[in-house]
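Thanks for coming. Please bring up the sequence and the model, and keep both in view while I talk.

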Amino acid sequence: MLFLGLDCSTQSLSAVIVDFKKRKPIYEKSVIFEKALPQYNTVSGTLRTSDPLVVHSPPLMWVEALDLLFDSMRSDGVDLSGILAVSGSAQQHGSVYCNDSLPSALAHLQVARHLKDQLQGTFSRKTSPIWMDSSTAAECREIRHAMGGVHSIIEATGSDALERFTGPQIRKFYKTEPQIYRQTASIALVSSFLASILAGKIAPIDWGDGSGMNLMDIRGKRWHPLALEATAPGLLEKLSALHPSSHVLGNVSGYFTGKYGLNPNALALTWTGDNPASLLGLGLIKEGIVGISTGTSFTYFGAMRECHVDRAGEGNLFVSPTGDYMPLSCFLNGALAIQKVRTMYGVDWPAFNRALETTSPGNHGGIMLPYFEPEITPKILHAKVQRSHLREEDAASNCRALVEAQMMSMRLHSRWMKFTPKLIYATGGVSNNPPILRIMADVHNSPVMRNAVQKSTALGAALVAAFGYFASKGQPMDWEELAAGFTDPIPSSRIDPDPASVAIYNRLIEQYAKLEADRND
Ligand code: XUL
């Protein structure tokens with residue numbers, strides 16, 4: 001019994017196939033956008049302009065990547081005919097704008113032609129604003145005001161009006177290009193757009209990714225009329241319906257069966273956001289364990305039964321794929337900031353790790369505020385790196401200062417969740433890097449463990465596919481029973497906090513908090 005999970009992140013499109021009977025992934029593959037699709041001229045999957053606040057991606061690149069990924073699964077000899085259901089996840093908040101030719105183009109995809117040639121005419125906007133875009137401060141203010149202020153919008157949608165969220169981005173588009181906004185027939189999330197291609201028809205938006213829009217009633221799980229009105233006129237007609245993450249859309253499009261040999265009876269499901277999928281892919285179904293994802297952004301999250309929002313407005317509350325809640329804090333200067341420091345000091349990964357191993361916890365008081373890009377948490381609109389008791393030319397200390405800052409910032413800005421982590425599951429980009437996990441364990445004063453599957457988001461999506469499949473056959477499964485065995489951490493990966501280092505960080509974090517509070521933006 002095979003299930004396929006896809007994940008479209010900022011930098012790549014990945015696939016994980018799980019064998020449900022054996023309870024393990026049997027295949028993983030990624031297409032890296034910058035490498036495999038250089039013709040889109042992206043930097044790590046993103047398009048930049050002279051304004052550092054504006055960050056978009058070309059949606060056609062994601063479309064072309066789908067063909068490349070299925071093509072490489074085929075050339076790897078994967079027998080796609082055994083797959084029973086497909087779901088996926090994608091970077092959250094990004095939006096895709098299409099004209100009224102999309103439904104017919106999706107319904108008539110021809111096997112003999114590439115997806116990109118058949119879908120390129122369907123976009124009303126050639127680029128998609130993504131989660132790294134922070135150019136909508138004015139629109140956030142307007143939406144927040146129209147919804148009755150910061151507390152009202154947080155209570156209504158689970159988050160303050162935030163620059164990267166879809167509603168403020170849609171409002172900016174409506175204000176700057178009203179004509180094209182009017183001509184736009186449908187606005188999708190990256191997740192629902194890609195789900196539409198797999199299903200051959202416009203897909204709903206799931207509750208998990210829908211919570212990252214400032215448009216969904218976080219408790220009622222339906223579009224919030226006041227939020228729609230505060231965002232742009234006629235918006236409801238452009239959005240698809242909201243559904244649970246494991247909603248079955250029908251069978252996969254004939255394009256994928258005819259071209260790549262997917263089974264015509266394979267089910268296509270709704271897709272969700274990468275963070276909600278990751279929650280599941282780490283097995284965080286009940287409250288207790290914290291997940292830290294170390295992708296392009298670093299995120300800190302867990303499962304929560306009650307709907308408990310961050311009244312200070314920094315963190316976000318999403319619906320989890322299980323229907324419970326998921327509090328999350330997102331830090332933009334994650335893996336890309338590490339990449340920047342490595343480039344700046346000319347250190348490869350082994351040298352970066354050596355730098356962490358040869359410097360001491362607390363860095364002799366050397367602290368960095370690591371805003372290489374505008375930051376989401378805390379909100380920093382202008383990129384600026386600040387150092388305290390840290391010489392810029394000291395490469396090794398700067399490597400350590402960066403990772404310590406990332407971990408201390410996470411600890412500080414996740415206090416609202418009221419979780420004291422007893423155990424952290426680390427996943428994503430840099431989580432196979434023990435010196436980074438050592439700092440994570442010591443700063444958070446918690447054991448850290450890793451899973452065997454690096455691609456926990458795509459794994460989560462494959463589990464959503466399995467859940468939807470069994471439910472559709474009238475054999476619904478409990479989420480814990482479903483995830484059991486897939487998400488167990490590797491026992492030998494456990495790193496326990498070192499009490500002496502924990503004591504150092506308990507002091508250093510106060511200095512870090514002060515430096516952050518006193519920063520001059
Ligand atoms: C979460 C967020 C990021 C993206 C990255 O709110 O903005 O984690 O989902 O893909």
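**A buried serine, and what surrounds it**

Ser186 counts as buried, at 12% relative accessibility; buried means under 20% relative accessible area, exposed over 50%, and partly exposed in between, using a 1.4 Å probe and protein chains only. Before I go on, this is a predicted model: local features need pLDDT of at least 70, side-chain atom pairs count only at pLDDT 80 or more, and totals for chains, interfaces and linings use all residues. Residues are numbered from 1 along each chain as its sequence is written, and side-chain values use heavy atoms, leaving out hydrogens and water.

Back to Ser186, which sits in strand 9, residues 186-189. Helices (H or I, at least four residues) and strands (E, at least two) are DSSP runs, numbered from the N terminus. What does Ser186 touch, leaving aside its neighbours within four places in sequence? The list is Val96, Tyr97, Cys98, Leu102, Ile202 and Lys238, where contact means heavy atoms within 4.5 Å.

Tyr97 is also a contact of Arg125, along with His56, Pro59 and Phe173, again not counting residues up to four places away in sequence. Arg125 lies in the loop between helix 4 (115-119) and strand 8 (128-129). Is Arg125 buried or exposed? It is buried, with a relative accessible area of 12%. Glu177 is 52 residues from Arg125 along the chain, and their C-alpha atoms are separated by 9.9 Å.

Now helix 9, residues 190-199: 10 of its 10 residues are buried, so this helix is largely enclosed by the rest of the structure. Among those buried residues are Phe193, Leu194 and Ile197. Just after helix 9, Gly200 takes a positive phi of about 75 degrees.

Next, the domains and cores. The protein is divided into domain 1 (2-277) and domain 2 (284-450 + 490-521), with bounds that come from an automatic or database domain assignment. Their centres, taken over C-alpha atoms, are separated by 27 Å. To the contact, domain 1 gives 36 residues and domain 2 gives 28 residues.

A nonpolar core is a set of buried Ala, Val, Leu, Ile, Met, Phe, Trp, Tyr and Cys residues joined through side-chain atoms within 4.5 Å. The largest one has 73 residues, and Leu6, Leu66, Phe70, Met73, Ile197 and Phe256 touch the most other members. Helix 2 (residues 59-75) supplies the largest share of this core, 9 residues. Where does this core lie relative to domain 1 and domain 2? Both domains give residues to it, so it lies between them. Apart from it lies another core, of 49 residues, among them Phe331 and Met440.

Last, two helix pairs. Helix 17 (residues 395-412) and helix 21 (residues 499-518) pack at an angle of about 85 degrees, with their axes 10 Å apart. Axes are lines fitted to C-alpha atoms, for helices over the stretch in contact, and angles run from 0 to 180 degrees between N-to-C directions. Helix 17 and helix 21 are therefore roughly perpendicular; that term covers 65 to 115 degrees, with angles under 35 roughly parallel, over 145 roughly antiparallel, and the rest oblique.

The other pair is helix 14 (residues 274-281) and helix 19 (residues 456-472), packed at an angle of about 80 degrees with axes 7 Å apart. Helix 14 and helix 19 are therefore roughly perpendicular to each other as well. Residues meeting there include Ala277 and Leu280 in helix 14, and Leu459 and Leu463 in helix 19.
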